[in-house]
Amino acid sequence: MEKIKTFIHHLFIPHEENNFRAKSLHTDFLTVYVVIAFLMMMVFKQGNIHDVLGFATDISVEKLYQLTNEQRQKNNLTTLSLNPSLTLAAKRKAENMFQENYWSHYSPDGKTPWDFILGAGYKYEYAGENLAKNFLFSNGVVDAWMNSSTHRDNLLKKEYTEVGYAIVNGVLNGEQTTLVVQEFGKPMVAGEATKNIPVVPNKPMIEKNTEQIVVQKAVAPKVNFLNFSFNLNLIFMSFLILALVLDFYFASKFNVIRIGGKNTAHLLFIVFVLIGLFMSTIGTII
Amino acid sequence: MTKHFYINLQKELKNHIFDYLLLFTAGIFFLILLNIFRGQRTIEFFVLVSFAFFYIIWGVYHHIVNETLHLKTVVEYILIAFIIIFLLKIIILP
């Protein structure tokens with residue numbers, strides 16, 4: 001126990017034996033961190049942990065479905081059931097976006113969301129579509145939809161009874177992209193008229209570039225892989241922040257004057273990067 | 001615990017107000033650029049690398065101005081910058 005105490009003291013508190021600088025911030029220790037971080041990077045890349053194209057997403061249909069129904073329950077609405085035809089429509093829509101290289105509810109050649117839904121054999125009374133791209137986590141996608149009034153209205157439309165999802169990776173406009181397509185519907189009862197509910201009415205944002213080579217693959221996300229590497233990042237950075245704060249505090253307390261980098265600058269840099277890390281988990285929706 | 005921390009933090013920031021404002025401004029620009037290019041992973045990673053290199057240059061500049069430049073210090077800035085680059089590459093650009 002005493003040994004562990006001494007080791008932690010040596011690791012975090014500047015004193016004579018560690019040359020008045022927390023051992024965890026010594027150049028040799030920092031070099032070890034760099035090597036570990038580099039190896040982690042290489043292992044994740046070489047190990048083909050993400051998937052064929054190497055996308056980092058932790059979005060799953062199960063989680064999206066669960067979160068959507070949670071939001072509906074919170075608003076006293078009936079939960080949706082997963083429909084295979086809507087799922088097929090969502091998959092075809094996502095694949096079409098990669099094939100024709102656009103990010104919009106409407107394809108460059110005029111295909112609407114309703115074409116995909118009807119094409120999948122789903123005759124609807126009501127139908128709607130939500131799209132998202134480049135999110136890292138399922139809850140980020142649903143939160144973004146809930147924070148946009150048009151998407152929220154769609155997600156909480158009381159008429160819908162069924163839903164289908166597709167999460168597809170591919171290259172869109174030269175960028176590795178993860179698309180999430182959510183198709184809503186209520187099957188048509190004989191004699192009822194069809195009603196389309198567009199998310200962003202008649203405002204297509206089409207970016208067509210036929211020269212791009214389109215590569216796409218349906219995602220089978222590795223269970224919690226991204227959560228794992230995201231948490232590992234947070235642990236690593238928290239450890240660095242703790243070491244810097246403790247070293248700064250004790251060096252100040254003992255009035256230690258030494259040669260070395262400025263802890264305040266290191267802290268500022270890491271804090272900005274951490275904020276950036278959280279920002280990078282947010283994608284875009286239409 | 002907080003007393004020593006805040007007094008010395010204040011002293012450090014006050015003594016080098018221009019340097020820290022420069023680093024803070026670069027940090028704000030870093031976040032603005034990340035927001036502008038949100039979802040474009042290659043550019044996001046390029047923005048991160050640029051910020052990390054700025055941080056190394058800032059460190060060298062700061063220690064030259066304060067006449068405390070030492071090889072060990074430069075290595076420290078480089079190592080911290082690269083730890084962050086490698087860690088975030090896993091998330092941003094696997």
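Helices, here taken as DSSP runs of at least four residues, and strands, as runs of at least two, are numbered from the N terminus. In this predicted model, that numbering places Asn101(A) in the loop between helix H4 (84–99) and helix H5 (113–119) of chain A. Most residues other than glycine have a negative phi. Asn101(A), although not a glycine, has a positive phi of about 55°. Asn101(A) counts as buried because 23 C-beta neighbours lie inside 10 Å, the cut-off being 20 or more.

Asn134(A) lies in the loop that runs between strand S2 (124–133) and helix H6 (138–146) of chain A. Its phi is positive, at about 65°, although Asn134(A) is not a glycine. With 26 other C-beta atoms within 10 Å, Asn134(A) is therefore buried.

Leu82(A) has Val163(A) in S3(A) as its bridge partner. S3(A) also pairs with strand S4 (residues 175–187) of chain A, through 11 bridges and in an antiparallel arrangement. Within this pairing, Val168(A) has Leu179(A) in S4(A) as its bridge partner. The hairpin of S3(A) and S4(A) has two residues between the strands, and in it Asn173(A) takes a positive phi near 50°.

The UniProt record, an unreviewed entry, lists residues 66–173 of chain A as "domain: SCP". In the model this span is 44% helix and 21% strand, and its end C-alpha atoms lie 31 Å apart.

Elsewhere in chain A, Leu234(A) is found in helix H8 (residues 225–253). Leu234(A) is partly exposed, because 14 other C-beta atoms lie within 10 Å. Between Leu234(A) and Thr112(A) the C-alpha to C-alpha distance is 42 Å, at a sequence separation of 122 residues.

For chain B, the unreviewed UniProt entry gives the annotation "transmembrane region" to residues 20–37, 43–61 and 73–92. Residues 20–37 of chain B are 94% helix and 0% strand, with end C-alpha atoms 25 Å apart. Residues 43–61 of chain B are 100% helix and 0% strand, and there the end C-alpha atoms are 26 Å apart.

The two chains meet in a contact that takes 44 residues from chain B and 46 residues from chain A. On the side of chain B, the elements giving two or more residues are helix H1 (2–15), helix H2 (17–36), helix H3 (41–65) and helix H4 (71–92). H4(B) gives the most, with 17 residues. By class, this side of chain B has 25 nonpolar, 12 polar and seven charged residues.

One helix pair shows how the chains meet. Two packed helices are described by the angle between their axes and the distance between the axes. The axes of helix H9 (residues 263–279) of chain A and H2(B) come within 10 Å and cross at roughly 10°. H9(A) is therefore roughly parallel to H2(B), since angles under 35 degrees count as such. Among the residues that meet here are Leu268(A), Phe272(A) and Ile275(A) from H9(A), and Phe24(B), Gly27(B) and Leu31(B) from H2(B). The residues of this contact of H9(A) with H2(B) divide into 10 nonpolar, three polar and no charged.

Note on methods: Residues numbered from 1 in each chain as written. Chains lettered and ligands numbered in written order. Predicted model: local features only at pLDDT ≥ 70, side-chain atom pairs only at ≥ 80, totals over all residues. Buried ≥ 20, exposed ≤ 12 C-beta atoms within 10 Å, placed from the backbone. UniProt positions renumbered as here; feature names shortened; annotations may be inferred. Contact = placed C-beta atoms within 7 Å. Nonpolar A, V, L, I, M, F, W, Y, C, P; charged D, E, K, R; others polar. Pairing = 2+ DSSP bridges. Axes fitted to C-alpha atoms, helices over the stretch in contact; angles between N-to-C directions. Parallel < 35°, antiparallel > 145°, perpendicular 65-115°, else oblique.
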